[in-house]
Amino acid sequence: TLRAIDVDEFCLVDVDAVARYVTLSYTWGKDTMQLKLTQKNETYFRRPGSLYHNLGLIPRTIQDAIHLTMKIGEKLLWVDSLCIRQDDPVDREQQIDAMGLIYNSSILSIQAACGDDANYGLPGVFPGTREIEQVIERVGSMLISNMLPSQSEVVLPSKWNSRAWT
């Protein structure tokens, strides 16, 4: 069974194999205090609004991914820390073994290549969160803009790129 965050209801739900969902690929970092799914809190996190009531415990990158998923009109988001029971060895092994399929079956994978941990956020999801801003100006009938760094310039040196999987 695949669990996902319902971003409209702010709770966990079970999804079937043909469901449309977005995945988040990010780096946890050293902060082990972030909110995680456990056997003890799973029933609670299935209640509508339960994740919203715990928003302060959810790392910025995951909060931004929830917001981005909503903004693009999708309903479901898969995030390992909140969709895999972290204290259940059997669930962890099954989900980790299926990780390639989970990412491959998503309609979009959000790649959080910036920052060293889950509290960095997703630059550009909210105004003022990018270090480099893209400026676009109209000159006559042309649009002119500055060039942003390429994906390889951002991803290759990132902490995210040093991980074992996507």
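## Close-up views of a predicted model

**View 1. Glu74 and its salt bridge with Arg20.** At 13% relative accessibility, Glu74 counts as buried, and in this predicted model its side chain meets that of Arg20 in a salt bridge with an N to O distance of 2.4 Å. Because Glu74 belongs to the loop between α2 and β4, while Arg20 belongs to the loop between β2 and β3 (22-25), the pair ties together parts of the chain that are 54 residues apart in sequence.

**View 2. Lys75 and Asp8, a further salt bridge.** The closest N and O atoms of Asp8 and Lys75 are 3.6 Å apart, and the two residues form a salt bridge. The pair links distant parts of the chain, with Asp8 in the loop between β1 and β2 and Lys75 in the loop between α2 and β4, 67 residues apart. Lys75 has a relative accessible area of 39% and is therefore partly exposed.

View 3. Asp88 and Arg85 form a salt bridge in which the closest N and O atoms are 3.1 Å apart. Asp88 is buried, with a relative accessible area of 12%, and Arg85 also counts as buried, at 17% relative accessibility. Through salt bridges that share partners, Arg3, Asp14, Glu42, Arg46, Arg85, Asp88 and Asp91 are joined into one network. The structure as a whole holds 11 salt bridges.

**View 4. Asp80 in helix α3.** Asp80 is found in helix α3, which comprises residues 80-83, and with a relative accessible area of 9% Asp80 is buried. Its side chain makes a polar contact with the side chain of Tyr26 at 2.7 Å. When neighbours within four places in sequence are left aside, the residues in contact with Asp80 are Tyr26, Trp28 and Gln86.

**View 5. Ser50 and the residues it touches.** Ser50 is found in the loop between α1 (42-45) and α2, where, at 2% relative accessibility, it counts as buried. The side chain of Ser50 reaches the backbone oxygen of Arg47 at 2.8 Å. Not counting residues up to four places away in sequence, Ser50 touches Phe10, Cys11, Tyr44 and Phe45.

View 6. Phe10 lies in the loop between β1 (2-6) and β2 (11-15) and counts as buried at 16% relative accessibility. Most residues other than glycine have a negative phi, whereas phi of Phe10 is positive, near 55 degrees. Cys11 is buried, with a relative accessible area of 3%, while Cys114 counts as partly exposed at 30% relative accessibility; the structure holds 0 disulfides.

**View 7. A nonpolar patch on the surface.** Ile72, Ile107 and Leu108 form this patch, and together they have about 230 Å² of accessible area. Ile72 is found in the loop between α2 (60-71) and β4 (76-78), and at 42% relative accessibility it counts as partly exposed.

**View 8. The chain as context for the close-ups.** The chain has 6 helices and 7 strands, which, read along the sequence, follow the pattern β-β-β-α-α-β-α-α-α-β-β-β-α. Of its 166 residues, 40% are buried, and the chain exposes about 9,800 Å², of which carbon and sulfur atoms supply 54%. Among contacts between residues at least 6 apart in sequence, 71% join residues at least 24 apart.

How values were computed:
Residues are numbered from 1 along each chain as its sequence is written. This is a predicted model: local features need pLDDT of at least 70, side-chain atom pairs count only at pLDDT 80 or more; totals for chains, interfaces and linings use all residues. Side-chain values use heavy atoms; hydrogens and water are left out. Patches are made of residues with over 30% relative accessible area and no salt bridge: like charges are joined within 9 Å, nonpolar side chains (Val, Leu, Ile, Met, Phe, Trp, Tyr) within 5 Å. Accessible areas come from the Shrake-Rupley method with a 1.4 Å probe; for residues, only the protein chains shown count as cover. A salt bridge is a side-chain nitrogen of Lys or Arg within 4 Å of a carboxyl oxygen of Asp or Glu. Helices (H or I, at least four residues) and strands (E, at least two) are DSSP runs, numbered from the N terminus. Buried means under 20% relative accessible area, exposed over 50%, partly exposed in between (1.4 Å probe, protein chains only). A polar contact is a pair of N or O atoms within 3.5 Å; within protein, one must be able to donate a hydrogen and the other to accept it, and residues adjacent in sequence count only if both atoms are side-chain atoms. Contact means heavy atoms within 4.5 Å. A disulfide is a pair of cysteine sulfur atoms within 2.5 Å.
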